[in-house]
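I opened the notebook with the sequence and the model side by side. The entries below follow the order in which I looked things up.

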Amino acid sequence: MFQKILIANRGEIACRIIATARRMGLATVAVYSEADAHARHVALADESVAIGGPAPRDSYLRGDAIIAAAQATGAQAIHPGYGFLSENPDFVDAVEAAGLTFIGPSAKAIRAMGLKDAAKRLMSEAGVPVVPGYHGDNQDPEHLAGAAEAIGWPVLIKAVAGGGGKGMRKVTRAEDFAAALDSAKGEAATAFGNDAVLIEKYVEKPRHIEVQVFGDGSDAVHLFERDCSLQRRHQKVIEEAPAPGMPAEMRAAMGEAAVRAARAIGYKGAGTIEFIVDASDGLRADRFWFMEMNTRLQVEHPVTEAITGVDLVEWQIRVAAGEALPVRQDQLAIKGHAFEARLYAEDVPAGFLPATGTLAHLAFPEGARADTGVRTGDTISPWYDPMIAKVIVHGPTREVALQKLSRALAETQVAGTVTNLGFLGALARHPGFAAGDVDTGLIERDLDALVSDPAPSAGVRAAALLASAGLTARPALGFTLWAPLARRLAVRQGDEVTEGLLTLDAEGPRITVEGECLVPPALPVVQAGGLIHVFDKGACHSFAPVDPLAREASGGAAGNATLSPMPGLVKAVFVAPGQAVAAGDRLAILEAMKMEHTLTAARDGVVAEVLVTPGTQVEAGAALILLEAETAEVAA
Ligand code: ADP
């Protein structure tokens with residue numbers, strides 16, 4: 001067994017690998033880019049080595065720098081995680097040439113599965129069912145059109161070097177084929193430097209069901225299936241194990257086919273055989289076909305760990321160290337049901353745009369496994385995938401596990417960036433999903449209902465108002481007052497100001513909002529970054545406290561300068577040098593944490609200098625606008 005391993009990755013997967021290594025008594029070495037110097041995976045590892053700039057090609061994709069880091073620290077093996085160098089056979093060769101062990105399959109196995117067309121040919125020779133289609137070398141457009149005609153419409157054009165859904169086009173009619181082929185080839189050439197395509201039968205009502213395999217080079221087992229049918233634009237959103245509605249006969253057939261595939265290439269380590277399933281007539285043992293093999297650990301591996309009790313990373317390390325498979329197939333069984341939801345920093349109503357931000361607050365509930373690479377105070381940077389965490393739950397039945405998922409999502413708290421928590425929560429409550437009636441088109445069909453952005457309820461606003469007064473919904477017992485207290489309060493969300501009247505008597509606080517008198521609900525509230533964050537059913541509603549007597553919040557002012565109260569983006573500037581302003585006049589609008597803050601003049605004066613323009617990104621405390629010194633005004 002190794003004494004020390006290096007993890008050639010970042011984020012949640014690096015942290016997850018370190019946790020297992022530590023449990024096994026191994027020392028760990030992290031590598032990091034300049035953007036990740038203070039990242040969680042660096043803090044967790046025993047040692048760490050800087051390997052370059054923030055762009056992946058300057059750090060996490062630099063095989064030479066990573067191998068040098070392993071040699072310098074005396075690590076004997078390298079775990080690649082997923083993504084980055086994990087499926088790069090040249091890196092595997094280089095690791096081995098340096099006398100180190102790659103914790104993963106051989107370069108040969110990765111090469112065999114690297115191109116979709118060659119992998120399909122190999123699999124059909126091994127007797128694994130593959131999607132009917134053409135995966136030959138003849139790329140002549142006429143020939144491909146003829147192949148599509150022979151397969152029957154609709155067909156799917158796929159880049160042989162494809163990944164992430166790129167270079168893929170569905171074609172339903174012969175007359176659209178030529179144009180679709182052109183655009184698929186163009187996209188494939190740009191993305192992969194290889195414009196070769198294959199043509200497949202388009203499977204109706206498709207389900208994506210994949211089988212986890214594990215080999216030690218001489219034998220292989222499978223650890224059952226995962227259903228990854230809940231996808232948006234071919235990206236997985238929620239995964240589960242086992243697949244809902246899976247008949248025992250089909251499970252056995254898929255497991256056997258997957259093991260046959262792994263054995264055919266003498267597979268060593270963790271791998272996934274992805275199948276596409278035609279669910280138009282329920283799940284049937286003759287309706288699944290090989291799509292591709294991923295020769296690495298998958299993002300969604302925790303659901304398999306949850307139902308089998310196996311630590312897949314431990315197995316990876318043991319097999320890489322030369323041990324045989326720890327168990328036989330008949331010692332593996334499915335226990336209960338598991339779900340994983342991928343929590344992202346993204347702006348769902350704006351079309352799932354990736355978001356960035358500093359996490360003012362991050363907390364996960366008890367009773368769920370949260371695999372994360374970030375902590376409160378960490379930044380989701382634009383350099384990497386904006387995943388915040390994977391939330392994984394396990395229960396004795398699918399129904400119980402799904403309820404746990406709903407609850408875990410509702411109780412997850414993220415402030416400081418927009419997230420897809422509300423969307424995940426809506427999916428977890430989707431009746432079709434609850435019934436197990438999943439397919440890869442479910443999300444797109446019901447998108448409108450799933451992405452609604454809930455406005456804060458009166459209760460949420462009351463909780464924010466109460467917090468702005470420094471109070472919580474549960475005052476200390478035995479609380480007495482000389483006289484009932486009444487106080488006006490206000491908070492702001494975007495342009496919208498909520499005003500309320502706080503009254504306190506022996507029974508506790510009440511807030512009157514828009515004529516309605518409420519006992520503020522005991523929702524979790526966190527104050528961070530100058531804002532009040534109220535968490536309600538997975539949504540984070542952020543408010544700025546407002547002085548109710550001065551409805552326009554003024555920015556901080558220091559001497560003659562108007563300062564930015566928080567980091568943000570300047571949206572508008574209303575004044576120009578030489579312009580006279582009166583105290584309280586609007587000077588600029590700052591957008592921070594999805595809200596607009598109006599910055600006003602602290603006193604009467606004349607604008608001396610405008611230091612920003614719309615679009616400027618500013619730090620907290622940055623000077624935005626300077627007024628002429630007051631003495632100058634007096635002199636004039
Ligand atoms: P990539 O490697 O680009 O991710 P895949 O071959 O893994 O591409 O396919 C991605 C997704 O596209 C699948 O999960 C499935 O939703 C859909 N898909 C792939 N092949 C077919 C097919 N023949 N018919 C229908 N949908 C398909």
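This is a predicted model: local features need pLDDT of at least 70, side-chain atom pairs count only at pLDDT 80 or more; totals for chains, interfaces and linings use all residues.

**Entry 1: strands S34, S37 and S39**

I began with strand S34 (residues 580-581) and strand S37 (residues 605-610), which pair in the antiparallel sense over two bridges. Ala580 has Val606 of S37 as its bridge partner. S37 also pairs with strand S39 (residues 623-627), antiparallel again, over three bridges. There I found Val607 opposite Leu627 of S39.

My terms: helices (H or I, at least four residues) and strands (E, at least two) are DSSP runs, numbered from the N terminus. Two strands count as paired if DSSP finds at least two bridges between them.

Residues are numbered from 1 along each chain as its sequence is written, and side-chain values use heavy atoms, with hydrogens and water left out.

**Entry 2: the four-stranded sheet**

In what order do the strands of the open sheet run? I read S6-S9-S7-S8, with antiparallel pairing. Strand S6 (133-134) and strand S8 (168-171) are at the edges; each has a single partner strand, so one side of each lacks a neighbour in the sheet. Strand S7 (residues 155-159) pairs with S8 over four bridges, in the antiparallel sense. Val155 has Val171 in S8 as its bridge partner.

**Entry 3: helices H7 and H8**

Helix H7 (residues 141-151) lies across S6, S7 and strand S9 (197-201). Its direction is at about 15° to S9. I then looked at helix H8 (residues 177-192): the axes of H7 and H8 come within 11 Å and cross at roughly 115°. Axes here are lines fitted to C-alpha atoms, for helices over the stretch in contact, and angles run from 0 to 180 degrees between N-to-C directions.

Which residues meet between the helices? From H7 I listed Pro141, Leu144, Ala145 and Ala148; from H8, Phe177, Leu181 and Lys185. Contact means heavy atoms within 4.5 Å.

**Entry 4: salt bridges**

How many salt bridges does the structure hold? I have 44. The criterion is a side-chain nitrogen of Lys or Arg within 4 Å of a carboxyl oxygen of Asp or Glu.

I looked up Glu200 next. Lys120 forms a salt bridge with Glu200, the closest N and O atoms being 2.2 Å apart. Lys120 lies in helix H6 (residues 116-125) and Glu200 in strand S9, so the pair ties together parts 80 residues apart in sequence. Lys158 also bridges to Glu200, at 3.2 Å between the closest N and O atoms. Lys158 is in strand S7 and Glu200 in strand S9, 42 residues apart, so I marked this pair as a link between distant parts of the chain.

Buried or exposed? Lys120 counts as buried at 0% relative accessibility, and Glu200 as buried at 3%. Both Lys158 and Glu200 are buried. The cut-offs: buried is under 20% relative accessible area, exposed over 50%, partly exposed in between (1.4 Å probe, protein chains only).

For a contrast I took Asp64 and Arg62, whose side chains meet in a salt bridge (3.9 Å, N to O). Asp64 is exposed at 54%. Arg62 is partly exposed at 31%.

**Entry 5: Lys205**

Lys205 sits in the loop between S9 and strand S10 (206-216). At 32% relative accessibility, Lys205 is partly exposed. Its side chain makes a polar contact with that of Asp437 (2.8 Å). A polar contact is a pair of N or O atoms within 3.5 Å; within protein, one must be able to donate a hydrogen and the other to accept it, and residues adjacent in sequence count only if both atoms are side-chain atoms.

**Entry 6: Gln298**

I found Gln298 in the loop between strand S14 (288-294) and helix H10 (301-308). Gln298 is buried at 1%. Its side chain makes polar contacts with the side chains of Glu210 (3.3 Å) and Glu300 (2.9 Å).
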